[in-house]
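Hi there,

Here is the structure I promised to pass on to you. Have a look at it first, and then read my notes below.

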Amino acid sequence: MTLRDFLLMRQELLLIVATLLILSAEIFRDPEKKRSPDLFALILFAIVTFAGFLPSETGTLFGGMYEVTDTRLIMKNILNAGVLIVLLQSVSWLGRKEYEGRTSEYHIILLSTLAGMDFMISAGHFLMFYIGLELATIPLAALVAYDRFSNKSAEGGIKLILISALSSGILLYGLSMIYGTTGSLYFDEVARLFRNGNLEILAFIFFFSGMAFKISIVPFHLWTADVYEGAPVNITSYLSVISKGAAAFIFIIVLFRVFPVIIESWQKLIYVTAVLTMTIGNLFAIRQQNLKRFLAFSSISQAGYLLLGFIGGTQTGMASVIYYILVYVFSNLGAFGVVAAISNSSGRENIGDYNGLYRTNPGLSLVMLLALFSLAGIPPFAGFFGKFFLFTAAAQKGYYILVLIAVLNTIISLYYYLLVVKAMFIVKNETPIGSFNSDLPTKIALGICVAGIVIIGFAGIIFEMIRNSSFGV
Amino acid sequence: MDILTLFVVIPVLTMAGIILVKDLNRVRVAAAVGMGIQLLLSALLIFLYVSARNGGNTDEMLFVRDLVWFKTFNIHYTVGVDGISVAMIALTSLVVFAGIFASWEVDFLTKEFFVSLILLATGVFGFFISLDLFTMFLFYELAVIPMYLLIGIWGSGPKEYSAMKLTLMLMGASAILLLGILGIYFNSAPAGGQLTFNIQEIARHTIPMQAQYLFFPMTFVGFGVLGALFPFHTWSPDGHSSAPTAVSMLHAGVLMKLGGYGAFRVAIYLMPEAAHELSWIFIILTSISVVYGAFGAIVQKDLKYINAYSSVSHCGLVLFAILMMNKTALNGAVIQMISHGLMTALFFALIGMIYGRTHTRMINEMGGLMKIVPFLSVAYVIAGLASLGLPGLSGFVAEMTVFVGAFQHPDLFHRVVTIVAITSIVITAVYILRVIAILLLGPSTNEHYDHLRDARWYEKVSVVTLITFIAIIGMAPFLLTSLLSTGIQPIIDKILAYAQF
């Protein structure tokens, strides 16, 4: 490998170097000094994140198995930014007594799953894609079960690993059929040789189902709520934002690049699943009391809106999907950040516990308000622009009915987001959650989220940049 | 920065100022100063506008400013005003200004209250200056959402229910509206070329008929819900009666006008053909609004409910006039919007002040207020007389123009619905006079109320400002109509182009 090759892979390589450094630091760490590994990991990852924004060349490696394009660089940067926020948010949680001496393993596992996602997004070959996917999923189960004194956490871990194994199996079955019909696993060759035959459609459906598990599209969503509820809040936010975003990124790349031949088939499939995902996610969210489950169902419905950008197969569609995930990273992490801060300080996670929160914690309540409004698509927050572009992308291809269903769904979602707003701002409560001060990293993380929610929509240039790097069928 | 963008910037700065200052009094002063500047600015705008017109500027829109926002979708930040928007902006600044003074006594979370109130106003100002459907829609939603908090936190009665109902119904309407706007956008360049959200550019082409049939009803209903179109008016009585005073003022006075303004600026202006063909459905619905709202007001006992139903009736008349699609009626529609905006704001302000003293809004629990609080009572009578259309006050000019315009249609259908709508004048007189008789002139029924204080200085500011303008429009309507005429002409031209063809 030449230097150029190393530079092309710098995102993944830097991540791996960072992971190894954290590991070796753990070996030589003086057990008397408690807090150092967190800060070390944070600084390392901040460097990785900033390095990602440096201009980079594009090209392919390993005979086309690994690709670097502008689209994928943007996607990786979005994920990096999200992970940085998650790491900042987890500092106070990791400071708990029961995790003493175990925080390095949290960072190592988290960063290696991120490396897996980066490899997956950069894949130009289905095997590369699969390896990245596995690296991105299997360690996650360990993270979900990180809280080893909680049964729910262990249960969530087991559920996630079983479901991942099942969905990987289905996915692999689909890949084997793709190989069987085309004789290749390179994206370009498969795209060239793929025909619109029965076996090919079947192969695609298996592939689609495998991906649907990862993005938790209805009817493959059943694991989501349990796992999200069981996992520690910061892991839940990682799962619902970063993991889901990464899967959606590679899914849209593969869909647009490898399977344009059968576009009519997958458009129907996406139509049906989009309607189901939005509607079921929203309807179930209404009844939830636990905020993690609540946000789990809300994130299912968000995945449904996302599919509206997939359906047209256009460049604008892809741009709006990437843009929406960018917006979603900030909005959802903002909401989760507040839930995490409150859960860490008081251990309470139900909507009813939030009654009268504004009186004691006005700052957190306002962040939550912004985040929920952004998720609901209320202007002038970024979520409004994201949804508007997704809907425009679908309407462009004449899917007006689908857009109608989607906008009606946003009304349902507004209802349950307002329930939380009502609890925080309107409902009177004699004994609200006590006033507390979040630590600096949490404040920084929430500050970044708020800045993202407010600024991204107004900065039209961000969308143009994403759009210029996107492609259509 | 151009003068129109200032209308959005000043409220934002005011909000920042309110957040920064510390004690209660300064919060009020900051809000009052900010909105006072806004009021002066709108006076300046009227002056600049009139002098530009007198100087021979015949552009459809003045002070146009165009910035590219999202190139991919050809979304621009485009602002510009014609006479109609200028009038609406002036109305908004007046009502907001009066609203600030009417809510001088809000003492629970004062800062948050004024911020939300001014945020709402920002949305309304932004809506009236927008020429781009996207920004227009953005500001529309921006104006609706603070309502939830304003009613939910500072409201009274079943406020949580009302707030949720109002928000969901209005957002539901905006969802349908969004679909309509997307439909217009994708049909905005029927001959090929760049799609656009710009209203003036879209108006240069004819949107294909099939698309018009689909998207006209969506757009009209989307805006109509905000204008209390029957049967989607049910949010209005609940919302208005639960809302705090200033919010009722602003909402009934200005926000409901967004519905009427949008209905003709977007729905009818851009899709006149479908409007012609389908107007009969909506004319029937709006006639029901007009009459039903008036009847609804008769049977209510709560002052706010009475006025809320009366708003349904009067705003129904706005939509009714718009659907008549001729110059006189359209003139009447805009005058009615302004007139109703002022007088309903006055009504709600007075009701708030009375409620603040008596802690009840039930008319049968009060009586003889004329002797106890003469200033408030006289103001109430003036508002009532304006509402029932007494010549010399704004209501008469508005309703007269609307009905004359509507009666210009020679066919049976239009004549019949006009006659039906005219009956509302009589019904209005019934419920207005009934309230005046019981509440103000009747015997004093409760000795607790014998020593109420009359209006304080800030309440007088609020009331006198509104009454002055009601009287000015009533006495000298030509001031307003001359302002409007240049704005209405292009819309009429576009409608007539179809009628002749």
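**A tryptophan to start from**

B:Trp69 counts as buried, because 22 C-beta neighbours lie inside 10 Å. Please keep in mind throughout that this is a predicted model. The tryptophan sits in strand 1 of chain B, which covers residues 62–70. Setting aside neighbours within four places in sequence, B:Trp69 is in contact with B:Ile75, B:His76 and B:Tyr77, and also with A:Gly460 from the other chain. B:Thr135 is 66 residues away from B:Trp69 in sequence, yet the two C-alpha atoms are 9.9 Å apart in space.

**The hairpin around it**

What does strand 1 of chain B pair with? Its partner is strand 2 of chain B; the two run antiparallel and are joined by six bridges. One of the pairings is B:Leu62 with B:Val81 in strand 2. Together the two strands form a hairpin with four residues between them, and B:Asn74 in the turn has a positive phi of about 55°.

Strand 2 of chain B (residues 75–81) has seven of its seven residues buried, so it is largely enclosed by the rest of the structure. Neither face is left uncovered: B:Ile75, B:Tyr77, B:Val79 and B:Val81 are buried on one side, and B:His76, B:Thr78 and B:Gly80 are buried on the other.

**Where the chains touch**

The contact between the chains takes 25 residues from chain B and 26 residues from chain A. On the chain B side, strand 1, helix 5 (133–144), helix 6 (146–154) and helix 7 (159–186) each supply at least two residues. Which of the elements gives the largest share of that side? Helix 7 of chain B does, with 12 residues. By type, the chain B side divides into 17 nonpolar, five polar and three charged residues.

**Chain B as a whole**

Chain B is built from 20 helices and two strands. Its radius of gyration is 22 Å, close to the 23 Å that the globule rule gives for 501 residues, so chain B is as compact as a globular protein of that length. Along the principal axes, its C-alpha atoms fill a box of roughly 75 × 55 × 45 Å. Of the 501 residues in chain B, 61% are buried. Among the contacts in chain B with a separation of 6 or more, 79% are between residues 24 or more positions apart.

In soluble globular proteins, nonpolar side chains tend to be buried together. Here the largest nonpolar core has 379 residues, and B:Leu346 and B:Leu350 have the most contacts inside it. The largest share of this core, 20 residues, comes from helix 14 of chain A (residues 315–346). Back in chain B, and not counting residues up to four places away in sequence, B:Leu350 touches B:Leu376, B:Ala379, B:Tyr380, B:Ala383 and B:Val463.

**A covered helix in chain A**

Helix 13 of chain A (residues 291–311) is worth a look too. How many of its residues are buried? The count is 21 of 21, so to speak a helix that is mostly covered. From its first C-alpha to its last, helix 13 of chain A reaches 31 Å, close to the 30 Å expected at 1.5 Å a residue. Just after this helix, A:Gly313 takes a positive phi of about 70°.

**Backbone details to check on screen**

Most residues other than glycine have a negative phi, and most peptide bonds are trans.

- A:Pro380 is in the loop between helix 16 (362–376) and helix 17 (382–396) of chain A.
- B:Pro231 is in the loop between helix 9 (209–226) and helix 10 (235–242) of chain B.
- B:Leu109 is found in the loop between helix 3 (83–102) and helix 4 (110–129) of chain B, and is partly exposed, with 17 other C-beta atoms within 10 Å.

Happy to go through any of this with you.

Best wishes

How values were computed
Residues numbered from 1 in each chain as written. Chains lettered and ligands numbered in written order. Predicted model: local features only at pLDDT ≥ 70, side-chain atom pairs only at ≥ 80, totals over all residues. Core = buried A, V, L, I, M, F, W, Y, C linked by C-beta atoms within 7 Å. Buried ≥ 20, exposed ≤ 12 C-beta atoms within 10 Å, placed from the backbone. Contact = placed C-beta atoms within 7 Å. Rg over C-alpha atoms; globule rule 2.2 N^0.38 Å. Nonpolar A, V, L, I, M, F, W, Y, C, P; charged D, E, K, R; others polar. Expected span 1.5 Å × (residues − 1). Pairing = 2+ DSSP bridges.
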